[in-house]
Amino acid sequence: MRSGRIFMEKRVTFKGIWLPLLLVLPQIVITAVFFFYPAGQAIYQSLFIPDPFGLSMQWVGLGNFAFLFSNSYYLASFATTAIFSILVTLVSMGVALYLAVLADRLIKGSGVYRTLLIWPYAVAPAVAGVLWLFMFNTRVGVVTWYLGVLGYDWNHVLNGEEAMGLVVVASAWGRISYNFLFFLAGLQAIPKSVIEAAAIDGARFWTRFRTIVFPMLSPTTFFLLVVNIVYAFFETFGVIHTITSGGPQQSTTILVYKVYADGFVGQDLGSSAAQSVVLLAIVGALTIFQFKFIERRVHY
Amino acid sequence: MATVSLSGVKKSFGKTDVIHGIDIDIADGEFIVIVGPSGCGKSTLLRMVAGLETVTSGEISIDGRRVNELEPMDRDIAMVFQNYALYPHMSVFDNMAYGLKIAGTPKGEITARVEEAASLLQLGDYLKRRPRELSGGQRQRVAMGRAIVRKPAVFLFDEPLSNLDAKLRVQMRLEIKQLQRRLGVTALYVTHDQVEAMTLADRMVVMNAGVADQIGAPLEVYGNPQTEFVGGFIGSPPMNFLDVSLGHAMPADAIRLGVRPEHMQIADAGAQTRGKVMYAEALGAETLVHIKLPDGSIATVRQDATKPQPDEGTEVGVTWDKADQIAFDAAGKRC
Amino acid sequence: MTAQPDPLAAAVTAPKGRRAQPDGMVEKRGAGLWLTHLGLIIGLLFIFFPIWLAFVASTVSQPEIVKPPMPLLPGDHFFENYRKALVAGVNAPVAMMMLNSMVMALGIAFGKIVISLLSAFAIVYFKFPGRRVFFWLIFLTLMLPVEVRIVPTYEVIANFGMLNSYSGLIFPLIASATATFLFRQFFMTVPDELAEAARVDGAKPMRFFWDILLPMSRTNIAALFVILFIYGWNQYLWPLLITTDPSMNTIVMGIKQMFPSGDDVADWPVIMATSILAMIPPVIVVISMQKLFIRGLVDSEK
């Protein structure tokens, strides 16, 4: 069982107390100062409201949270995040699976495609945002111009749905490499004899994919679902900040963007901290969910 | 080169006692084999001698010097591990030289000693290879070479042959014995294989559940097992254990009796007991006849292949000499 | 510590792909083969079109871009645009921003690998007081996302006077123990007997670490290096928050700063040249260390 493995110990140990303490010291100091202290502060601050001059803090208990969940902007941001992350996950995983299935069918040359397909992994989300913004720029964008020729007036600066579509595609684009690599590894791990047995049983490609390959790929798919949702929640900040800055009318303000906007632009520290804690709960739940799942995956 | 003595050595992990007090005096140059089933504490005992486990109580001394508190490297020992524990990223040469390098041995001497050991073990052509490029037997030799170059006072072997196939195991067994004789080093060898124990040992220690049941020369242990466990563990097929009522004139406190299969004969005249032949295994030179006795227990008779072989299902008589029967009391001890 | 979770957090739980022979004589001949290639090439076009367009834009002049549609083949202003970007930039020379990014990425990769190796060695090979507590703290950093601490971490950095400094860019980003966890997982697979053999050979703990454990971890270290380098290079929010001085900007966050506020027209050729420059180092690292990188990504779960 995995949980057993995680906590197992070595039989051999070296003697000494000061040496190991010295060895862990750098990590302890750095994590304490830059991780645990700030995380604790975030939780602490979420229970207070600073006065307008930032001189004192007023205890409000769960007031920040109560305020958040009665705030229509925040609730709208929740919905935006949900739509955004589902779309990003579906688009990037769908394209990646399509490419991985094709690459897996090749006996020769899949290495070349793989080398090319991992490029976007190296492209920062913020840079991806700039690339897509350039294509769809309302003034100079090539795609915008050709859409105009076709009679479609693209304007993501004013149209919230178009803005959402653009940030989704730009975010999904950068994620295809990662998903592709995992899907390809998952596909290659499926014993070919199983697929050949199905072929002998008369199953055609699509039937084989549906009844054998996809079910056997489910551990990978599930893992990627969780990881991509986490990605969409957090790592897409760069895409959104460069393309839409959360607009128009907050239509692309996902939760993590709102933490930034309220905390650094709006200077509303209590609310920002409370939002951080909500995010913490979400990711914590996802992580635990994932670990639980991995334990069960052993049966596969 | 050195004597080793263990007196009252005990080991416990937390509240579990795994070794209950062992006393052995090992003479200089002696080959001692510790044998027993898995979990009996034999490896732990060896690792205590090596200094890889702490001694809970008692004393271990090497060449008259108490070593309980010494690091492995200060004990003048070398060890061959079950999985060889070769450093995978180092060449054969570097594997053997590593200990000498740490000790600060001059380069020229390191090279000389490694080459000497390598030629002794026929590894001369492989010094530049990595462990993964060697066969199982060659890796085994490298592990021995690493032990030899240190010129230790005591060799420790922890099931060194158990990862080899049967044929290679027999060959390496011989090599180990020859090497030990040639170098004259005291050796402590742990195995679960009683054939290895019988063939290698000057004296063997049969361990059972943390206790040394018997210490003695192989044939002595085989012929005069001091406990029921030793009788059953040493010898293949194992000793037959029969109800005490079947024996010739038994001591009063005996509750079981043991007879070696080769000491039993199938004969109707003067039979101690009778039973039904279940099946007979013809091994070529000898035949093992398994006989079901009236109380349900099974006795194995080992007889020459030239003797007539009874058919399955027939009833036969079984007999043995009084001198060959061994009585055990309720605690499993000889009486 | 930015809006980006630790890239290794996922690796800790990633399913492991066993290598199998990609053979399969099932339906891979004739027309099917060509359709497979066609499908993959369409995918590649989708993936490379944005990059191609950026490259084209970085080789033409501003007037060619602002009068749409811009050309789809490279122009002859390549050297002019890149020289302008590297030497002058918009707010700061891009060469300087690349240097900042390089320092940050290398600092994060080396820093995290070094502290993680040391502490993983300690928790796996020693029994010391507080070891269990320490291990649980590590586990907690896997669960606690970085997002909860943006504002307070900013305050910590500000109080230490580390705004606009390399240490301010680096330290918060190495403050998680995911790599420690991965190294620990790897060390657990190293046979116990190796450490025992080293002890019998007379190696002290640090000697064992240098001579045996470290060389055996080479591939794991290299794989982590790739992942962490890219993670560091691609940081956006954190440099955006703490580098207010243009000379400390990193290239990835600096691109957005090149866009003019208001209605001014952006200097597209320079911006797109910068975008291309921003992806070159991580792309080189990924492609040149492809095998290690994929191994690090897919096989990190040990």
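**Notebook: a predicted model of chains A, B and C**

**Entry 1. Helix 9 of chain C**

I began with helix 9 of chain C, residues 178-189, which has 12 residues and reaches 17 Å from its first C-alpha to its last, close to the 16 Å expected at 1.5 Å a residue. The expected span is 1.5 Å times one less than the number of residues in the helix. Helices here are DSSP runs of H or I with at least four residues, strands are runs of E with at least two, and both are numbered from the N terminus.

I noted the conventions next: this is a predicted model, in which local features need pLDDT of at least 70, side-chain atom pairs count only at pLDDT 80 or more, and totals for chains, interfaces and linings use all residues. Residues are numbered from 1 along each chain as its sequence is written, while chains are lettered from A and ligands numbered from 1 in the order in which they are written.

I then asked how many residues of helix 9 of chain C are buried. The helix is mostly covered, with 9 of its 12 residues buried. A residue is buried if 20 or more other C-beta atoms lie within 10 Å of its own, exposed if 12 or fewer, and partly exposed in between, with C-beta atoms placed from the backbone. I listed the buried residues as Thr178(C), Ala179(C), Thr180(C), Phe181(C), Leu182(C), Phe183(C), Arg184(C), Phe186(C) and Phe187(C).

**Entry 2. Chain C as a whole**

I counted 16 helices and 0 strands in chain C. Of its 302 residues, 54% are buried. I looked up its contacts as well, a contact being two residues whose C-beta atoms, placed from the backbone, lie within 7 Å. Among contacts in chain C with a separation of 6 or more, 77% are between residues 24 or more positions apart.

For confidence I read pLDDT, the predictor's confidence in each residue from 0 to 100. Chain C has a mean pLDDT of 84, and 85% of its residues reach 70 or more. Residues 18-25 of chain C have pLDDT below 50, and this stretch has 14 contacts in the model beyond near neighbours in sequence. For the model I recorded ipTM 0.86 and pTM 0.84.

I found 101 residues of chain A in contact with 95 residues of chain C. Helix 2 of chain A, residues 18-45, gives the most to the side of chain A that touches chain C, with 18 residues. I divided that side of chain A into 73 nonpolar, 20 polar and 8 charged residues. In this division Ala, Val, Leu, Ile, Met, Phe, Trp, Tyr, Cys and Pro count as nonpolar, Asp, Glu, Lys and Arg as charged, and the others, Gly among them, as polar.

With chain B, 14 residues of chain C are in contact with 16 residues of chain B. Helix 10 (192-200) and helix 11 (205-216) of chain C each supply at least two residues of the side of chain C that touches chain B. I noted that helix 10 of chain C gives the largest share of this side, 6 residues. The side of chain C that touches chain B holds 8 nonpolar, 1 polar and 5 charged residues.

**Entry 3. Strand 7 of chain B**

Why is strand 7 of chain B, residues 154-158, largely enclosed by the rest of the structure? I found that 5 of its 5 residues are buried, so the strand is largely enclosed. Both faces are covered: Val154(B), Leu156(B) and Asp158(B) lie on one side, Phe155(B) and Phe157(B) on the other.

I then traced its pairing, where two strands pair if DSSP finds at least two bridges between them. Strand 6 (residues 77-80) of chain B and strand 7 of chain B pair in the parallel sense over 4 bridges, and Met79(B) has Leu156(B) as its bridge partner in strand 7. Strand 8 (residues 186-191) of chain B is joined to strand 7 by 5 bridges and runs parallel to it; there, Val190(B) is the bridge partner of Asp158(B).

**Entry 4. Ser171(A)**

I placed Ser171(A) in helix 9 of chain A, residues 160-189. Ser171(A) counts as buried because it has 30 C-beta neighbours inside 10 Å. Not counting residues up to four places away in sequence, I found that Ser171(A) touches Val88(A), Pro125(A), Ala232(A), Thr236(A) and Val239(A).
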